[in-house]
Amino acid sequence: MTVATVCPILHNIDSLVAFLKKGGRLESDHSDIGLTERTKRRRIETNLGVSEEARFADEEKSRSSGMRFGYLHKCLGLNDDEIDRLRNENTQNLLLNYKKLHLVLDLDHTLLNSTFLDNMSPDEEYLKTQTQYDHSLQHVHIVDTPSMRLMTKFRPYIRTFLMEASQMFELSIYTMGNRDYALEMAKLLDPGNQIFGGRVISRSDSTETDRKGLDVLLARDSAVLILDDTKDVWTNINQDNVIVMPRYHFFKSSCQQYSISNSKPYSELKTDECDRYGGAYLANVLQLLRHIHTIFFNEVEIEGWDLIDRDVRLVLKILQKEVLKGCKIVFSHVFHSNVKADTQPLWKMAEQLGATCSTQVDPSVTHVVAADARTQKSCWAVKAGKFLVNPQWIHTANFMWQKQPEENFPCHYQH
Ligand SMILES: [Mg+2]
C-alpha cells in the first residue's frame with residue numbers, strides 16, 4: 001500500500017474504520033480480529049490434523065501479540081505487523097504530506113483543572129453562576145451528568161494553543177482519567193471534533209496499569225512529543241518524549257491535593273496564571289513547539305537524514321542542553337547531606353540543561369545555588385562576584401527552556 005492511499009485514513013476515524021472493514025479487518029461489534037483469524041486458522045489446522053497441544057500453544061502466542069485500539073473503534077484490534085505498518089505509514093504521511101509531528105496532550109494540570117462540584121470552597125461558589133458567555137478570567141465549564149458533577153477551568157490561552165498547535169502537530173489526548181471524563185473534556189476543548197478526531201486515550205487504554213505509554217498510539221515514537229505535568233507516569237522508554245509542564249492549579253481542592261498552602265488559589269483570588277510566566281504558560285510552550293518544529297524540518301544538523309529517520313527526541317535534547325550551557329554550578333545546603341549530590345534530581349536537571357555541576361568552589365564557578373544566603377559558599381559567591389540564586393532558578397529555567405534573569409531568584413537569609 002502506498003502512502004498516498006493511506007493518506008486520509010488516520011486523520012479521520014470513520015475513514016479508518018471503513019478502510020479496515022473493507023479489508024476485512026473489522027467484524028461485527030462484538031468480534032475480535034485476533035479471534036476471527038484464530039478461528040479461521042483452527043478450521044484449516046483441524047483439516048490438516050495439527051495436534052491440540054500445538055494449536056493451543058500457537059493460540060496463546062497469537063493472543064500475546066497484537067493490541068486492541070478500542071479508543072479508535074471498539075472493535076479494532078491489530079496484530080504486531082499491522083501496528084508497525086500503520087505506525088510507519090501514519091507518521092510518514094504526516095511528515096511528508098502535512099509537515100506535521102505528533103503531539104500527545106495530558107489533560108489535568110496540563111491543559112485544565114477540574115474539581116468536583118461538592119468539593120468547592122465557599123469562596124468559589126461565585127463560579128457556579130459564571131455563564132458560557134462570560135469572558136471574564138474565571139470562565140468555567142460545568143459538567144453535570146449522571147456519572148459526574150464537576151467544574152472545569154481551562155488553562156489560559158488554550159483555544160489559541162490548540163488551534164495553532166494543530167497546524168504543526170496531529171493532536172491526541174491521553175489522560176489517566178476514565179473514558180467518560182476524557183470524552184467530556186474532549187468535547188469541551190474541541191466542540192466541533194476538528195482537532196482530536198477521536199484520538200482520545202484514557203486509563204483503560206493503557207497497556208500497563210497506572211502508566212502511560214506510546215505503544216497505544218499509531219505513530220512512531222521518534223516523531224512524538226508529549227506535554228504532561230508528570231514525567232514519571234510515562235513508561236521509562238517514553239520519558240525522553242516528554243516536555244514537562246508546570247502544574248496548573250486553579251481550584252482550592254487541587255492545591256490541597258498537592259499540599260500547596262502558601263497562597264490562596266486563583267479561583268479565590270479571582271485571578272489566573274496569565275502573569276506568572278511573563279504571560280500565559282501555554283503561549284510559552286507554543287513558542288517552544290514552533291521552535292522544535294522548525295528545527296526538526298529545517299535545521300542543518302539533521303538535514304541529509306530522511307524525514308522519517310529523524311528523531312524529535314534528539315531535537316529536545318539539543319535544545320535542553322543549550323539552556324544553561326556555560327554555567328558551572330555549586331550547590332549549597334540544597335540537598336540532604338546524607339545523599340550523594342550527583343544523584344539529586346536538581347543536580348541531574350542542571351546537567352540535562354547543559355550546566356556543569358561541582359561540589360567545590362573554584363574561580364570557574366559561575367553560580368552558587370543555595371537555600372540560605374548565610375552559608376559559607378553563599379558568602380564566597382558574593383565576595384567572588386558570582387551569581388547567588390535560589391533553587392527555583394533551575395526549576396524555572398527547566399520549565400521555560402531558557403536561562404532566567406538571576407536577579408529574579410534572590411537567595412534570602414533563613415531564620
Ligand atoms: Mg496531569
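Visitor: Of the 415 residues of the chain, what percentage counts as buried, and what makes a residue buried?

Guide: Buried residues make up 33% of the chain's 415, where buried stands for 20 or more other C-beta atoms within 10 Å of the residue's own, exposed for 12 or fewer and partly exposed for the range in between, with C-beta atoms placed from the backbone. The model is a predicted one, in which local features need pLDDT of at least 70 and side-chain atom pairs count only at pLDDT 80 or more, while totals for chains, interfaces and linings use all residues. Residue numbers start from 1 along each chain as its sequence is written.

Visitor: How many helices and strands does the chain have?

Guide: The chain has 14 helices and 14 strands, these being DSSP runs numbered from the N terminus, with at least four residues for helices (H or I) and at least two for strands (E).

Visitor: Why are H6 and H10 called roughly parallel?

Guide: The axes of helix H6 (residues 158–168) and helix H10 (residues 281–298) come within 10 Å and cross at roughly 10°, with axes fitted to C-alpha atoms over the stretch in contact and angles running from 0 to 180 degrees between N-to-C directions. Angles under 35 degrees count as roughly parallel, over 145 as roughly antiparallel, 65 to 115 as roughly perpendicular and the rest as oblique; H6 and H10 are therefore roughly parallel to each other. Ile158, Phe161, Glu164, Ala165 and Met168 of H6 make the contact with Leu282, Leu286, Leu289, Arg290 and His293 of H10, a contact being two C-beta atoms, placed from the backbone, within 7 Å.

Visitor: What makes S8 and S10 edge strands?

Guide: In the open sheet of five strands, with order S8-S7-S3-S9-S10 and parallel pairing, strand S8 (200–201) and strand S10 (242–244) each pair on one side only. Pairing needs at least two bridges found by DSSP between two strands, and strand S7 (residues 169–174) and S8 have two, in the parallel sense; isoleucine 173 has valine 200 in S8 as its bridge partner.

Visitor: Why is strand S11 described as largely enclosed?

Guide: Of the five residues of strand S11 (residues 328–332), four are buried, so S11 is largely enclosed by the rest of the structure.

Visitor: Which strands are joined to S11 by bridges?

Guide: S11 is joined in parallel to strand S12 (residues 356–358) by three bridges, and in parallel to strand S13 (residues 367–370) by four. Lysine 328 has threonine 356 in S12 as its bridge partner, whereas serine 332 has alanine 370 in S13.
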